[in-house]
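Please read the following note beside the sequence and the structure.

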Amino acid sequence: MKLTNLNIVADENIPALDRLFGHFGKITRLPGRTIQNSDLQEADLLLVRSVTQVSEQLIATSPVHFVGTATIGTDHIDKAALKNREIGFSSAPGCNADAVAEYVVSNLLLIASEKGFKLKDQTVGIVGVGNVGRRLQQRLEALGIKLLLNDPPREAAGDQGFVQLESLLQQADIICLHTPLIKEGRYPSYHLLNAENLPMVKPDSIVLNAGRGPVIDNVALLDWHRKRPDVTLLLDVWEEEPKVDPQLAQQVRIGTPHIAGYSLDGKIRGTWMLYTAFCQHVGIQPEIELADCLAEADSPLQIVLDGSEDLATIVHRVYQPEADHQRFIDSLIDTGSQPQRFDLLRKRYPVRRECAAAKLQGVKPDKALADQLKAVGFILE
Ligand SMILES: NC(=O)c1ccc[n+]([C@@H]2O[C@H](COP(=O)([O-])OP(=O)(O)OC[C@H]3O[C@@H](n4cnc5c(N)ncnc54)[C@H](O)[C@@H]3O)[C@@H](O)[C@H]2O)c1
Ligand SMILES: O=C(O)[C@H](O)[C@H](O)COP(=O)(O)O
């Protein structure tokens, strides 16, 4: 196999493809939802995002020998089918975990200022404490916030410090869901929140889902929330996406089109992780650095401080949930085209950097603010 004339079929929404895979051969970019078996009949590599269902049927009779998904989630991949056909596989674990943690912190700071509470007086429950949940845990702990953690697989593996889901639901002021979508096995997460346990949620609490839509039974959620409008809903993921239930969308305070992880840094990191995994698959040494790919993307974020800012103001200069929410609400205007608009919002998502990439200039923050900024991921000189 020559490594310069491979046929690569890739989702058109994967960034930095030319830089990281161009030298391996010809790249054919396709809309992820439309990639089908006939597109793969001469393909060596298939690079996807979460919207391509990689099934036995998709790869049957194709010469594909490596599949990569530039995402954390893998619920769209039939890993057993790939293994049966001895096709190499890699996802991008943790690639956009910082982006999701920052999305959550930014949302919570927004709701705290709207409702007039201090985050440090709240108890936050994190369900699913993996790459995303851990980074959220680190940030919130560093801000002095009390946490309740639920992760039965980690608990079963001997990790400590977890509570049962029911007690988390009963005690947390803010509930953040960060589990993968798992339908089978010992710890399924499908409809983890449902008609039976949603009523356990405390009055006036906040429920945020940035995992996968079906982790909450959306029909039960709508029904319950109509009786419990005191609860603030923050939803980035939807059970039938790209189709969104317009009635549920109207109940949420912040609704977004599955973009919690959509930082430029997280996306490029995802492609780069596939590049290194592919190099390993074919037994060559990766030569391209992640930092070079990010530098070439050339989207610096400079934040000039005048000394009047607090943590929320600065975090919202990196990521402002309200802008995404407004675009999302606008996309619901016509039921017929709503799913296409959902995909378009994702395809044309504005450049968003992570806190670690921001350069703070102007008036130096005092120690208290500097500590908070470091807690949420800024790097201060
Ligand atoms: N909205 C977005 O843009 C976005 C971005 C990144 C990831 N995600 C989703 O978030 C998920 C989590 O990401 P991650 O990087 O933390 O994954 P991860 O695999 O590192 O961690 C997932 C954690 O969830 C735990 N878990 C599994 N089943 C559980 C259950 N039934 N109840 C409670 N905990 C359970 C696991 O033990 C693990 O610790 C991904 O699988 C993906 O579906 C969404
Ligand atoms: O699993 C992930 O990494 C995230 O959900 C990711 O943001 C999905 O993005 P998509 O592949 O749908 O563009």
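1. A polar contact is a pair of N or O atoms within 3.5 Å; within protein, one must be able to donate a hydrogen and the other to accept it, and residues adjacent in sequence count only if both atoms are side-chain atoms. In this predicted model, local features need pLDDT of at least 70, side-chain atom pairs count only at pLDDT 80 or more, and totals for chains, interfaces and linings use all residues. Residues are numbered from 1 along each chain as its sequence is written, and side-chain values use heavy atoms, without hydrogens and water.

2. A polar backbone atom of Ala210 lies 3.1 Å from a nitrogen atom of ligand 1. For Asp236, an N or O atom of the side chain is 2.8 Å from a nitrogen atom of ligand 1. An oxygen atom of ligand 1 is 2.9 Å from a backbone N or O atom of Asn131. The protein buries 89% of the 860 Å² that ligand 1 exposes when taken alone (Shrake-Rupley method, 1.4 Å probe).

3. Ligand 1 is surrounded by 29 residues, each with a heavy atom within 4 Å of it. Among the closest are Asn96, Val132 and Asp151.

4. Helices here are DSSP runs (H or I, at least four residues), numbered from the N terminus. Helix α6 gives the most to the shell around ligand 1, namely three residues.

5. Helix α10 spans residues 264-282. Just after α10, Gly283 has a positive phi of about 75 degrees.

Notes. Chains lettered and ligands numbered in written order. Helix = DSSP H or I, 4+ residues; strand = E, 2+ residues; numbered from the N terminus. Expected span 1.5 Å × (residues − 1).
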